[in-house]
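Dear colleague,

Please find below the structure for your review. A short account of the contact between its chains follows.

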Amino acid sequence: MASEKLKLFSKIEIEIISNVAGTLAILTDAPGNAMAQRFSFATPASSADGNGNCLRRTVTSRLPYNTQGHLIQAKLTPGSGQTSLYRARVWGRELPGGQWEWFALPVIETPVEFAPAALPIPPTAEEWRPEALPVPPTAEEWRPEALPVPPTAEEWRPEALPIPPTAEEWRPEALPIPPTAEEWRPSALPVKATPDVPDWAELEVDA
Amino acid sequence: MAFQKVFDFKEVTIEYRSNGAASFQFSTDMPGGALAARLGAGFTLPTSGGIGLNRTQTIPLDGIQGTMYQPQITPGSSTQIIVLSAKLWLRPIGVYLDGTLNEEWITQPIAVGA
């Protein structure tokens, strides 16, 4: 593993665009076997072009002669401004007998090329397309249309005539005969009563 | 490090048909954290020569950055414009630090070498 061997670090270099000064700190784990800051230095702001845009620049610093460790950590803290970091590397060698070389520190890469991004514009078709207007179509064929004539039924149906029905059973019907009374009643006969004293009657006598 | 990717903008190419002048404006949220116009008074899109003629116009956006962008086309008061397509060229910045937000770049402890 790379961390088995102690490394000696001599320089660090970063590539930035920054409109403000900042600070780059270097931490290692030696001596003491604990990560601690061993060195820091100020990173300057970038100069600007004629349009006011800051230009990319490298910032390099030597490290103290005894900067060493199994592990190294870099920390860039910009001032109150904006900084873009494009690359960071450290010049070091393995102890005791390694060769000096640059070791790249992990920086998320910024692509050199610009990439296209389509803006959300609905495409305009190259060709014309037909658009049906809202006109109801006229049918090619004739269709039957039922007239409002009530249909004549195919079968005969019974129709009741207005004749009162004859009852199935006999019913008593009282005849117009005056009833005979059950009891006798007196009835005066047309006999002229004889007076107690006869009245004189004048009779005409022929002369 | 910024939560959102910051983009460098290069240019935008617009294909359109118009019968008069129109204005193009490009807004981003940087610097300042709020969408703001970055092309000053705007870029004038000249007439394409008629509504039946295509024109392709490229507008430089050098030096403009942002996590968000908003293109805007505004036709003149007597202009009709058909925007057929538009393509924006951009690239994400790997590490973008905004010091006003106390952002910083810090690596893991790294064992360099093989």
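**Contact between chains A and B**

In this predicted model, 35 residues of chain B are in contact with 47 residues of chain A, where contact requires that the C-beta atoms of two residues, placed from the backbone, lie within 7 Å. On the side of chain B that touches chain A, at least two residues each come from β5 (50-66), β7 (81-93), β8 (95-98) and β9 (105-106) of chain B. The most is given by β7(B), with twelve residues. Strands here are DSSP runs (E, at least two residues), numbered from the N terminus.

By class, this side of chain B comprises 21 nonpolar, eight polar and six charged residues. Ala, Val, Leu, Ile, Met, Phe, Trp, Tyr, Cys and Pro count as nonpolar, Asp, Glu, Lys and Arg as charged, and the others, including Gly, as polar.

An open sheet is formed by four strands in the order β8(A)-β7(B)-β1(B)-β5(B), with antiparallel pairing; two strands pair if DSSP finds at least two bridges between them. Because β8 (115-118) of chain A and β5 of chain B each have a single partner strand at the edges, one side of each is left without a neighbour in the sheet.

Between β8(A) and β7(B), the antiparallel pairing extends over four bridges. A:Pro116 stands opposite B:Trp89 in β7(B).

Strand β5 (residues 68-78) of chain A is joined to β9(B) by two bridges, and the two run antiparallel. Here A:Leu76 has B:Trp105 as its bridge partner.

Residues are numbered from 1 along each chain as its sequence is written, and chains are lettered from A and ligands numbered from 1 in the order in which they are written. As the model is predicted, local features need pLDDT of at least 70 and side-chain atom pairs count only at pLDDT 80 or more, while totals for chains, interfaces and linings use all residues.
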